[in-house]
Amino acid sequence: MNDASFYPIGTPGQPWGAAEKAQWRARQVPQRRYAEDVLPAVEALRSHFDVSQYGTLDYAPDQYPLFAVRSRDWNSALPTMLVTGGIHGYETSGVQGALQFLQTRAGEYAGRSNLLVVPCVSPWGYERIQRWNADAIDPNRSFMANSPAAESAALMSLVAPLRGSIAMHIDLHETTDTDETEFRPALAARDGKPFEPGLIPDGFYLVDDGENPQPAFQTAVNAAVERVTHIAPADDKGEIIGSPVVAPGVIEYPLEKLGLCASVSGARYTTTTEVYPDSPRATPQQCNDAQVAAICAAIDYAIAHPVGR
């Protein structure tokens, strides 16, 4: 093992126990405030949308109310579109992109579709700019029965009554340089495995469902995003983050098998966005704009290509 790549918690080759997880949690300190950045923006949406609390995260001494935003004139005859952000709290444009969409573009879909938007699924992680929750669990590997992550369980309960009626689900993420310097080394240490360095792609890409691929849908989303920011090229192996590129800027994962958020709705059209905020060619506003462009393109495609026709 390369000692320089070893995470400073635990013993090489041994998975973390309760003591190591407690040590890790003690290192995580708030660097921004959910109550200042997110909740006021959600509250301001009440004049045009239905805003409801769907749960509370209890990480004593901290508690976090969880909010969902819905179309006010919900019509069961219309297709339903699900937008989720902030599954990984450190992926800022997922949260801000979802809020920007609600503030600037969501009104365009009134009478055309039902919208359900959850801007920040993991507020503890948002405050600490962290991928995991307070229990050192990745919420985006925890969308499964008897989920070990409270964030994932709460979202699953919210979506469950609509499962089967949701046409499109877009889950907003980022791939950052800290994936390689912090989060993947932490994962290897937590699981008692060696850290194997990888490459961070420069640009935007999408993750399709390998068990329900929708290539035309992915292409439409990337075409809209490309007008805002650049699409990630494949590496010299024809891959992005270790997965074969199946179309420009598109890879596939088996969503349900991996317990990923985009599997939660049972939608025909699903995608996970991956913005690259550390690119010298992209600003924070471009990252937010890319998320909004992806959301709109995904909804537009699902409206134009209704399920069952």
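Predicted model: local features only at pLDDT ≥ 70, side-chain atom pairs only at ≥ 80, totals over all residues.
Q: Why does asparagine 133 count as buried?
A: Its relative accessibility is 0%. Buried means under 20% relative accessible area, exposed over 50% and partly exposed in between, with a 1.4 Å probe and protein chains only. So asparagine 133 is buried.

Q: What does asparagine 133 touch, leaving out residues up to four places away in sequence?
A: Trp24, Tyr59, Trp124, Pro139, Ala149, Ala150 and Glu151. Contact means heavy atoms within 4.5 Å. Asparagine 133 itself sits in the loop between helix H5 (123–128) and helix H6 (150–159). Helices are DSSP runs of H or I, at least four residues; strands are runs of E, at least two; both are numbered from the N terminus.

Q: What makes tyrosine 90 and phenylalanine 183 an aromatic pair, and which kind is it?
A: The centres are 4.2 Å apart and the planes 40 degrees. Rings of Phe, Tyr and Trp (its six-membered ring) pair if their centres lie within 6.5 Å; planes under 30 degrees apart are stacked, over 60 edge-to-face and the rest tilted. The pair is therefore tilted. Tyrosine 90 lies in the loop between strand S3 (80–85) and helix H4 (92–104), phenylalanine 183 in helix H7, 93 residues apart. Both are buried.

Q: What makes a set of residues a nonpolar core?
A: The members are buried Ala, Val, Leu, Ile, Met, Phe, Trp, Tyr and Cys, joined through side-chain atoms within 4.5 Å. The largest such core has 79 residues; Tyr54, Phe101, Leu155 and Met168 touch the most other members. Helix H10 (residues 284–304) gives the most, 11 residues.

Q: What makes a space a pocket, and how much space lies in the largest one?
A: On a 1 Å grid over the protein atoms alone, a pocket is an open set of points with protein on both sides within 12 Å along at least five of seven lines; a cavity is a set where a 1.4 Å probe fits but cannot get out. Volume is the space filled by probe spheres set on the points, which are joined across faces, edges and corners. The largest pocket holds about 1,000 Å³. H7 supplies the largest share of the lining, eight residues.

How values were computed: Residues numbered from 1 in each chain as written. Heavy atoms only, no water. 1 Å grid on protein atoms, 1.4 Å probe; cavity = no way out; pocket = protein on both sides within 12 Å on 5 of 7 lines; lining within 4 Å.
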